Amino acid sequence: MTDEIKKGLLGIVVDETTISQVMPEINSLTYRGYAVQDLCEMCSFEEVAYLILNGNLPNGIQLNKFKKEEKENRNITTNMREIIKHIPKKAHPMDVSRTIVSVMGLEDKDTSDNSPKANMRKIMKIFAKTPTAIAAFFRIRKGKKIIKPKKELSFSENFFYMCFGKIPQKEIVKAFDVSLILYAEHSFNVSTFTARTITSSLSDIYSAITGAIASLKGPLHGGANEEVMNMMKKIKTPNKAKSWLIDNLNKKQVVMGFGHRVYKSGDSRVPTMKKYFLKVSKLKKDKNLYKISEIIEKEMIEKKNIHPNLDFPTGPTYHLMGFDTDFFTPIFVIARITGWSAHIIEQYASNKLIRPLSKYKGSDHRKVVLLNQR
Ligand code: SDX
């Protein structure tokens with residue numbers, strides 16, 4: 001037993017996993033052995049969700065069954081809709097996201113049944129209903145009526161439909177699908193490790209996903225995509241980008257959307273997402289954000305040798321798609337539910353209570369003195 005402290009568990013291997021890995025030989029993130037770039041170009045998000053949850057890519061019959069179950073679970077209860085209508089409009093959508101998953105746990109008779117079959121039923125409910133509930137708050141907050149999900153639409157088409165009442169052109173839907181594939185899973189990141197830690201006490205999956213959402217909200221993690229957009233709104237134009245960055249670095253400010261605990265020479269997901277960020281910029285005839293991002297990236301690499309992470313291209317892409325900035329991380333949630341769920345299943349299957357040690361540096365032993373003598 002070592003008492004050397006590794007703050008933030010830096011470099012510490014705490015368990016094994018079969019779900020994903022950044023493979024050095026191809027310098028890419030892989031899900032169940034498949035490179036994410038190939039999955040983005042050749043598969044739908046539904047296929048990748050199946051892969052992450054079940055371990056293999058589905059054949060036609062398996063995919064149709066999976067999509068049918070997801071579509072049949074999309075509706076939220078009247079009770080949930082009423083709760084969403086009464087949530088304060090100023091509530092942060094990430095706080096709403098963790099609340100709706102908690103409410104689902106209150107409504108589900110299976111909540112305390114941790115058997116593999118019950119867990120998969122619950123996973124499909126969380127996977128299918130969370131987008132519906134998030135879209136409901138997106139509408140309610142704008143004083144608009146909730147739009148019910150449509151079974152005939154794909155996962156991504158349906159999210160646009162429930163938010164905006166219409167489906168964008170297929171290239172935009174594809175870019176959104178790619179962002180969900182890239183966001184879906186990333187081994188023992190802090191929100192996934194939170195989910196595994198909660199699971200390790202044999203608590204239930206609703207509790208584990210609620211905790212994971214709470215962790216993802218933080219700006220050092222999933223909340224960064226929202227902060228990237230806030231940064232770009234401050235910069236406004238490409239000719240202000242370089243001076244803004246230098247000023248920020250001189251103030252020792254963290255630049256959101258850059259750096260990563262695992263990737264130290266570039267996040268393997270970024271080139272693919274940048275490609276779709278550019279595509280969406282061209283389709284929307286607005287390359288301002290893309291030009292700003294190119295300057296910031298160039299300067300960060302030149303001055304700090306720090307590379308962008310996935311949140312950097314994804315934030316402005318969601319802005320161009322029409323989503324409110326504080327809804328960017330909830331979109332990360334609806335993708336990452338797949339990865340979190342796969343890790344929760346893996347933790348249950350080979351569980352050991354997660355309980356690290358700490359090095360005490362407080363007071364020596366001392367006697368209690370009664371209040372009237374203190
Ligand atoms: C995600 O883990 C995952 O896989 C996460 C994720 C996933 O898919 O689940 O990939 C998603 O969370 C991506 C990260 C999103 N967060 C941000 O973009 C926030 C900005 N990034 C930084 O806060 C930082 O890079 C972290 C937190 C992401 C990683 O930091 P580490 O590994 O703890 O390293 P560190 O903070 O100790 O930084 C090392 C050095 C420091 O300089 P010194 O103090 O040694 O002089 O690099 C500097 C840092 O100041 N640095 C930055 C920086 N990131 C690191 N300086 C300015 N801006 C940055 N973004």
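Which of the 23 residues around the ligand come nearest?

Analyst: This is a predicted model, in which local features need pLDDT of at least 70, side-chain atom pairs count only at pLDDT 80 or more, and totals for chains, interfaces and linings use all residues. Residues are numbered from 1 along each chain as its sequence is written, and side-chain values use heavy atoms, with hydrogens and water left out.

His 186, His 221, Val 255, His 260 and Arg 269 come nearest, out of 23 residues around the ligand; a residue is near a molecule if one of its heavy atoms lies within 4 Å of it. By class, this shell holds six charged residues (Asp, Glu, Lys and Arg), nine nonpolar ones (Ala, Val, Leu, Ile, Met, Phe, Trp, Tyr, Cys and Pro) and eight polar ones (the others, Gly among them).

Next come the polar contacts, each a pair of N or O atoms within 3.5 Å. His 260, one of the nearest residues, has a side-chain N or O atom 2.7 Å from an oxygen atom of the ligand. The side chain of Lys 264 also places an N or O atom 3.4 Å from a ligand oxygen. At Leu 220 the backbone takes part: one of its polar atoms is 2.9 Å from a nitrogen atom of the ligand.

On its own the ligand has 1,000 Å² of accessible area, and the protein covers 67% of it; such areas come from the Shrake-Rupley method with a 1.4 Å probe.

The ligand sits in the largest pocket, meaning that more than half of its atoms lie within 2 Å of the pocket's grid points. A pocket is an open set of points on a 1 Å grid over the protein atoms alone, where a 1.4 Å probe fits, with protein on both sides within 12 Å along at least five of seven lines.

Definitions and conventions. Polar contact = N/O pair within 3.5 Å; in protein donor to acceptor, adjacent residues only side chain to side chain. 1 Å grid on protein atoms, 1.4 Å probe; cavity = no way out; pocket = protein on both sides within 12 Å on 5 of 7 lines; lining within 4 Å.
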